[in-house]
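Subject: Structure handover and notes

Hello,

Please find the structure below, followed by notes on what turned up in it.

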Amino acid sequence: MAQSADHVLDHLELFRGPEYQQMLADKKMFENPRDPAEVERIKQWTKTPEYREKNFAREALAVNPAKACQPLGAVFVSVGFEGTLPFVHGSQGCVAYYRSHLSRHFKEPSSCVSSSMTEDAAVFGGLNNMIDGLANSYNMYKPKMIAVSTTCMAEVIGDDLNAFIKTSKEKGSVPAEFDVPFAHTPAFVGSHVTGYDNALKGILEHFWNGKAGTAPKLERKPNEAINIIGGFDGNTVGNLREIKRILALMGIKHTILADNSEVFDTPTDGEFLMYDGGTTLEDTANAIHAKATISMQQWCTEKTLPFVSEHGQDVVSFNYPVGVSATDDLLVALSRISGKEIPEQLARERGRLVDAIADSSAHIHGKKFAIYGDPDLCYGLAAFLLELGAEPTHVLSTNGNKAWQEKMQALFAGSPFGQACQAYPGRDLWHMRSLLFTEPVDFLIGNTHGKYLERDTGTPLIRIGFPIFDRHHHHRFPVWGYQGGLNVLVKILDKIFDEIDKKTSVLGKTDYSFDIIR
Amino acid sequence: MSLATTQSIAEIRARNKELIEEVLKVYPEKTAKRRAKHLNVHQAGKSDCGVKSNIKSIPGVMTIRGCAYAGSKGVVWGPIKDMVHISHGPVGCGQYSWGSRRNYYVGTTGVDSFVTLQFTSDFQEKDIVFGGDKKLIKVLDEIQELFPLNNGITIQSECPIGLIGDDIEAVSRSKSKEYDGKTIVPVRCEGFRGVSQSLGHHIANDAVRDWIFDKLEPDGEPKFQPTPYDVAIIGDYNIGGDAWSSRILLEEMGLRVIAQWSGDGSLAELEATPKAKLNILHCYRSMNYISRHMEEKFGIPWCEYNFFGPSKIAESLRKIAGYFDDKIKEGAERVIEKYQPLVDAVIAKYRPRLEGKTVMLYVGGLRPRHVIGAYEDLGMEVVGTGYEFGHNDDYQRTAQHYVKDSTLIYDDVNGYEFERFVEKVQPDLVGSGIKEKYVFQKMGVPFRQMHSWDYSGPYHGYDGFAIFARDMDMAVNSPIWKKTKAPWKEAAKPKLLAAE
């Protein structure tokens, strides 16, 4: 017996002891296991070009896709508005999943309700669920706004949100003037970034276009403010705060649309804040008057930005700006649109990032990377790697499309370090596994699920993306802007140096290269 | 700190009743009427907890429950390691349930084991419009080609499957034939079925019956020589290794475990279970169905047991041994004796730090009652408990064997109710899930996730009890809980925004 009260062994150590190892070995005979030689043969076969070819010929099966479904994005964007309760119309299990998923990443509460549709609703439609659901949510959680989206169940049976919300109001579920914006967010179209886009557009449409026919449409009276849209982002807490800091330094009047940087980072002080921060409803309505709207992530706002543009604003989009040039472009655009100068402090921050890169680039230059994640994240990180003289050899985005691929390839074509790089839209992490075997790289950048790739292929994983469940608190730090670029640089360097140390720490064998100065 | 320890039973009862009344005030009348049936103060001597259960959740209240898919793919089928489980439908369900349950296993992942892979048919609009059976056929072919060592495949239906009229049973039959009788199991666990995870468990159990047991050749050669001491562990999902720290005790007392359902389990183990002499059932809620079926069809008796905390472990070991001869009965005594020094040392170390501390629970299958004994072994008291998806038979077991007089009972509790209860009762510890964890920690209340063991475990068996005790101590006695208030601010009473 290995367990002891003095030194309590948990799962990490307990099962490695001889008693448990023997037990697990004895269990094998009941499992009808495959011949170990056959397991080894197949394992080696999965690493071959032949397997890669079969793997890439897949047409129907997805294995370890790096994308989630629309309503997750809708919930993410909805909580970025003041006092807003996301309400997802459809099966209730979905909402349990979104809440768990967001809580596991942010280590924060995630509040959201479901209309809990069951079999009878599948037959008769979910109108009664909407009527009761809105009334209950309104009374229990005292929201300032309820933002409705849909699960695939409600979409398949064709529930009409506009009509349902109207009827619910007529039945007195919520006051007639209470804000209930909505968006249809079918899980079988696009991904969570599509849901972000649809839900945000739904909210802006509600406030700007006359609240579903219940109020006059707003008339735009242009002012000097700029709207910022962050997009779906695992680093939303750090990134939006960094953007706000930059805008404050530049003295630009602004509205962050869907500012969820507070609600996903509330203090522990004895009080649970179901709602915290967020774009006020007044600011959301007034955002129509802004001079321009800037999207930090093009593929999160493919419908929202044209909608904003139709209202007469300038619109500009970026692709998850990480590093020197991407931040330069952002600041120049901000300056151009606002007419404000870029302050010396930001120039100094830029200089410091360039300084840091110059100090360290010898360790990154020429290294090969694989990246996967949401389309904009991939673009932003790949652009930064090129700037560092590294090669983003494989860039894979399960929810990237052909247009994304073309834009990525154009990025590669524009850099001497991008010549051997390739973008893979619509592929999953089992494809990535093949790539890492047949065309190996030095490092992998991705979310928590990349740890399976790291284990299988030995490619060290640098965790940037969403979700990140198995490392804590990184989402609190920005990756955008010069400060964010520095954070990403350090993350990459730490991994590079740790790997060198790991490879050179065998006494009597690798005493060389185990350097204390680098 | 705890109110419960300083008041009489009558006072606690009155307070709890008042608390329920107060909570119900927030609801529209219709909802209040419905919710009132799910909340109660337990009365000693009653045969159940006096609450309605296994009823539809009310829209919009922030129920904590999940769905039938979660019950089937996430709980029952997902842990079977040598089978590929397809999340059939759109991408989300499989994504959110990917690797999050911690049902440990050993195997060459991606080659002969598949638990922590996310296989999905990733439905697109055209699959909804034209039906998904063609895609499913292709998915099955691609799995066969790329994962040739899989021992079987299950099709875990997501909501759209049942709504668009796909015939996954027909696809399963024809593909099974094509692949020489390969086990392919269609599971109708669409998320809109039933009222919670619970129906998903039942559907998954029935799928084992129909698509595995019913296809067994009655006189098939056994893969191993049977012994009089063969048992199957039913309803242990090996969270953090729970089934392993249970199996080791059963084997030490002289039994032979021929199958684990379903943590670290395999298709061969499922198929072998009709040869067991006794099925021992941990999670009654999720696997009583198949246990009853095996009793009826194969004449295998089953018994419930509880491996949380030394009191219940010893009781359970003796109960299980009661089905066997003296050799096993002596084995049980030997095991209890062997671990007594560990138990004594754990209790000596942790009980003084935890004595008198109060706990509120809200969990799934068996834990709202099963862990009460383990807390009591540490001198702690459970003052409130409830089931996410329990049925009346769960509440009967709870009332008859576990909870004390005046315990607050809440079935299918929602965010609002649970926060109010905790705010008023002020327990020293809350044990619930990931969705609740950060809410209560923000309020300054120590918390342990009691689904995933908060990434710790195992908690089953004697080895697990040591970990359980350590974890409860580190939660309750973490120094950080003394620092939630800034020293320059007055200690304010925790309050909820929603309650203002």
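Helices (H or I, at least four residues) and strands (E, at least two) are DSSP runs, numbered from the N terminus. On that basis, Glu31(A) and Lys27(A) lie 4 residues apart in helix α2 (residues 18-31) of chain A, so about one helical turn separates them. The two form a salt bridge, with 2.6 Å between the closest N and O atoms; the term stands for a side-chain nitrogen of Lys or Arg within 4 Å of a carboxyl oxygen of Asp or Glu.

This is a predicted model, in which local features need pLDDT of at least 70 and side-chain atom pairs count only at pLDDT 80 or more, while totals for chains, interfaces and linings use all residues. Residues are numbered from 1 along each chain as its sequence is written, chains are lettered from A and ligands numbered from 1 in the order in which they are written, and side-chain values use heavy atoms, with hydrogens and water left out.

Interface of chains A and B

The contact (heavy atoms within 4.5 Å) takes 102 residues from chain A and 126 residues from chain B. About 9800 Å² is buried between the two chains, 63% of it from carbon and sulfur atoms; buried area is the accessible area (1.4 Å probe) that two parts lose on being put together, summed over both. On the chain A side, the residues losing the most area to chain B are Phe30(A), Tyr97(A) and Met140(A), together 8% of what that side buries.

Over all chains the salt bridges come to 66, and the count between chain A and chain B is 11. Lys442(B) with Glu108(A) is a salt bridge whose closest N and O atoms are 3.0 Å apart.

Helix α6 (residues 92-106) of chain A packs against helix α19 (residues 434-442) of chain B at about 55 degrees, with the axes 8 Å apart. Axes are lines fitted to C-alpha atoms, for helices over the stretch in contact, and angles run from 0 to 180 degrees between N-to-C directions. The pair α6(A) and α19(B) is therefore oblique (under 35 degrees counts as roughly parallel, over 145 as roughly antiparallel, 65 to 115 as roughly perpendicular and the rest as oblique). Ala96(A), Arg99(A), Ser100(A), Ser103(A) and Arg104(A) of α6(A) meet Ile434(B), Lys435(B) and Tyr438(B) of α19(B). By class, this contact of α6(A) with α19(B) has 3 nonpolar, 2 polar and 3 charged residues; Ala, Val, Leu, Ile, Met, Phe, Trp, Tyr, Cys and Pro count as nonpolar, Asp, Glu, Lys and Arg as charged, and the others, Gly among them, as polar.

Helix packing within chain A

Helices α17 (residues 375-387) and α18 (residues 402-413) of chain A pack at about 5 degrees, their axes 11 Å apart, and are therefore roughly parallel to each other. The residues of the contact of α17(A) with α18(A) are 10 nonpolar, no polar and 1 charged.

The axes of α5 (residues 70-78) and α11 (residues 192-208) of chain A come within 6 Å and cross at roughly 45 degrees, which makes α5(A) oblique to α11(A).

Backbone points to check by eye

- Phe466(A) to Pro467(A) is a cis peptide bond, with omega near -5 degrees; Pro467(A) sits in the loop between β13 (461-463) and α21 (481-503) of chain A.
- Trp261(B) and Ser262(B) are joined by a cis peptide bond, omega about -10 degrees, and Ser262(B) belongs to strand β7 (residues 256-262) of chain B.
- Ala212(A), though not a glycine, has a positive phi of about 55 degrees.

Regards
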